[in-house]
Amino acid sequence: SRGVHMNILDRINKPNDIKDIDREDLPELADEIREFLVSHVSETGGHLAPNLGCVELTMALHRVLDFPEDKLIWDVGHQSYVHKILTGRKNEMGTLRQFGGMSGFPKTSESPCDAFNTGHSSTSISAALGMACARSIKGTNEKIAAVIGDGSFTGGMVYEAMNNMADIKTGCLVVLNDNNMSIDRNVGGMSTYLSKIRVGQQYNDFKGNVEKILMKIPVAARGLKKSKDSIKQIFVPGMFFEELGVTYIGPIDGHDIDVMEATFRKALKLNRPILVHVKTVKGKGYTHAERHPSYFHGIDPFDIQTGKVMKDRKVMTNTGVFARKLVELGKADPRITAITAAMGKGTGVAAFAAEFPDRAFDVGIAEEHAVTFAAGLATSGLVPVVAIYSSFLQRAYDQILHDVCLQKLHVIFAIDRSGLVGADGDTHQGIFDTAFLSHIPNMTIIAPKNRYELTRAMEWAVAYDGPVALKYSRGEAYYGLKEYNVDIEYGRSEMIHRGQKLAIVAVGNMVQEAEKVYDRLLADGTNVTFVNARFLKPIDTDMIDELSKDHKHIVVIEEEIKHGGYGSLVEEYVMDRHLDVDVTVCAIEDTFVQHGSVEELRRMLKLDADSLYDRIKHIISTDCTE
């Protein structure tokens with residue numbers, strides 16, 4: 001029990017066990033779950049504050065739903081730990097987000113009680129509606145519920161789904177888990193609207209009496225409907241949802257299990273779309289998380305007593321390098337603006353916003369809007385920098401292609417978390433950006449090798465006139481190879497060392513790993529060529545032509561999906577030109593990559609220095625000997 005007395009929680013060992021817990025014992029069970037979460041997440045790291053905030057909410061849902069027959073979809077899914085505990089997975093919590101262990105997000109492959117894989121925002125209502133329609137077609141009677149946070153309500157897909165849900169009119173419960181937070185503080189009109197309807201129970205009491213009050217107003221019958229609607233619009237919470245055709249209930253206390261359980265039972269009996277608005281406190285029950293919910297949204301292993309992350313030292317991250325340079329560029333050039341999609345701190349844009357609040361924009365969880373908004377800024381002569389994680393930029397593909405690249409607008413894409421990200425797993429690995437960007441006309445892609453090249457690439461991107469994407473990885477910035485600083489020239493790679501027979505061409509964050517291989521080969525007396533690819537689009541065809549004259553083999557190393565990546569472009573060029581050189585691409589095969597540390601994942605994918613060294617030595621021994 002890890003030093004914590006877990007008497008009631010010990011009785012939760014399989015789905016639906018919570019139904020056998022006496023009602024008066026539920027508050028104690030909630031306390032035990034919170035202690036259990038803090039104890040485990042302090043060791044593994046993970047999304048702590050969101051889960052602490054939805055303990056009672058999850059318990060209430062599990063009291064009214066039957067698993068796995070009923071379907072519960074968690075939007076994004078980082079708040080699903082309590083659901084996992086209540087469906088028989090508490091003994092696996094020690095492996096949370098660890099290589100080969102339990103995912104930090106819902107996974108249908110992990111349990112039949114996980115109804116839908118999530119990881120990105122604003123998808124739950126669409127998935128739930130699809131399941132509800134399938135139920136109608138098949139003639140079954142399972143209950144369907146989706147839990148979505150108020151942060152996710154800034155995503156446009158929510159409104160597409162709700163508009164459709166009102167038209168279909170099938171039974172579907174949407175629980176709006178409202179803690180006034182996403183990862184950072186929520187922004188925008190929906191956040192303001194929800195703030196207005198959090199005001200208290202008096203408005204909910206008023207809602208039930210509105211019809212009676214209005215009927216006493218002496219107006220002509222013809223004007224009654226208009227009068228009722230206009231007054232309700234002013235005074236009644238949730239009228240926005242009601243106008244969409246979705247029945248609104250709330251807001252109710254998200255930490256009162258009895259109230260939620262009774263509300264959910266009634267809502268699930270009605271064969272129509274219903275939204276129950278639940279107010280919760282993010283980080284509830286752990287003082288440090290309540291005080292600093294953003295910090296504890298996703299946290300590395302930490303000391304429970306102090307709440308401080310247990311790291312040996314502070315390091316400069318690529319995000320930090322980007323943030324500092326963006327502020328510097330902003331001071332020198334008033335055209336520069338910065339845009340983020342609800343990730344101001346995560347992308348470093350918050351630092352720019354602090355210096356230039358009128359030139360920084362957090363658009364909420366709305367990546368599509370962010371990119372087209374940037375396109376609008378660019379058409380007016382500004383230089384927008386759109387800072388979005390690689391995994392989330394996928395959501396704005398059409399806008400990048402249609403609204404930015406087709407018009408050749410000067411928009412800079414700062415693609416954070418490019419490459420393997422580790423513990424967040426397959427929904428967050430940034431391994432597809434080269435593949436989905438490189439075939440778009442007018443797009444330029446740069447992958448800097450270290451922190452110094454990142455800052456110079458930012459300078460180059462501001463001076464350029466057209467779409468530019470800068471890719472850089474999560475984590476500590478690389479300081480190596482500082483002495484190699486050839487000026488950035490459009491479409492040109494950087495020759496770090498000119499050797500013989502075999503050339504290593506490394507991409508971005510893999511230059512650091514490739515340097516280890518290069519050093520070992522030199523120590524073996526093997527004189528290979530070492531190239532920093534730098535530009536992924538356009539590729540440096542002059543470099544490839546030159547290498548093909550006196551090299552037998554080019555080995556491309558990249559932390560990217562193989563099909564459509566930089567190596568594929570090199571292979572295609574060599575084949576089209578019939579060049580007399582073999583190309584080997586060391587990249588990620590056609591697969592999604594599970595969670596684990598970056599080091600563990602690289603070993604699994606054969607992209608670690610040891611595996612790359614062995615592969616190159618094999619090539620040299622078989623293909624490059626005379």
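**Helix packing, sheets and selected residues**

Lys516 comes out as partly exposed, with a relative accessible area of 40%; here buried stands for under 20%, exposed for over 50% and partly exposed for what falls in between, using a 1.4 Å probe and protein chains only. The model is a predicted one, so local features need pLDDT of at least 70 and side-chain atom pairs count only at pLDDT 80 or more, while totals for chains, interfaces and linings use all residues. Residues are numbered from 1 along each chain as its sequence is written, and side-chain values use heavy atoms, with hydrogens and water left out.

Lys516 sits in helix α21 (residues 510-523); helices (H or I, at least four residues) and strands (E, at least two) are DSSP runs, numbered from the N terminus. The C-alpha atom of Lys516 is 8.7 Å from that of Tyr613, although 97 residues separate the pair along the chain.

Arg97 is buried, at a relative accessible area of 11%. This residue belongs to the loop between α4 (81-89) and α5. Neighbours within four places in sequence aside, Arg97 is in contact (heavy atoms within 4.5 Å) with Gly45, Gly46, His47, Tyr81, Met102, Gly104, Ala423, Asp424, His595 and Gly596.

Now for the helix pairs. Helix α5 (residues 124-138) packs with helix α6 (residues 157-168) at an angle of about 25°, their axes being 8 Å apart. Axes are lines fitted to C-alpha atoms, for helices over the stretch in contact, and angles run from 0 to 180 degrees between N-to-C directions. That makes α5 roughly parallel to α6, given that angles under 35 degrees count as roughly parallel, over 145 as roughly antiparallel, 65 to 115 as roughly perpendicular and the rest as oblique. On the α5 side, Ile125, Ser126, Leu129 and Cys133 meet Met157, Val158, Ala161, Met162, Asn164, Met165 and Ile168 of α6. Sorted by class, the residues of this contact are nine nonpolar, two polar and no charged; Ala, Val, Leu, Ile, Met, Phe, Trp, Tyr, Cys and Pro count as nonpolar, Asp, Glu, Lys and Arg as charged, and the others, Gly among them, as polar.

Helices α16 (residues 367-379) and α18 (residues 397-405) pack at about 10°, with axes 9 Å apart. That makes α16 roughly parallel to α18. Glu368, Val371, Thr372 and Ala375 of α16 make the contact with Gln399, Ile400, Asp403 and Val404 of α18. Here the classes are four nonpolar, two polar and two charged residues.

Turning to the strands, an open sheet of five runs in the order β1-β2-β3-β5-β4, with parallel pairing; two strands pair if DSSP finds at least two bridges between them. β1 (71-74) and β4 (247-253) stand at the edges with a single partner strand each, so one side of each has no neighbour in the sheet. From one strand to the next, the twist averages 20°. β4 pairs with β5 (residues 273-279) in the parallel sense over five bridges, and Ile249 has Val276 in β5 as its bridge partner. Helix α11 (residues 257-269) packs on the sheet, touching β2 (144-149), β3 (172-178), β4 and β5, and its direction makes about 170° with that of β5.

Elsewhere, strand β16 (residues 551-561) pairs with β17 in the parallel sense over six bridges, and Ile561 stands opposite Ile588 in β17. Six of the seven residues of β17 (residues 582-588) are buried, so this strand is largely enclosed by the rest of the structure.
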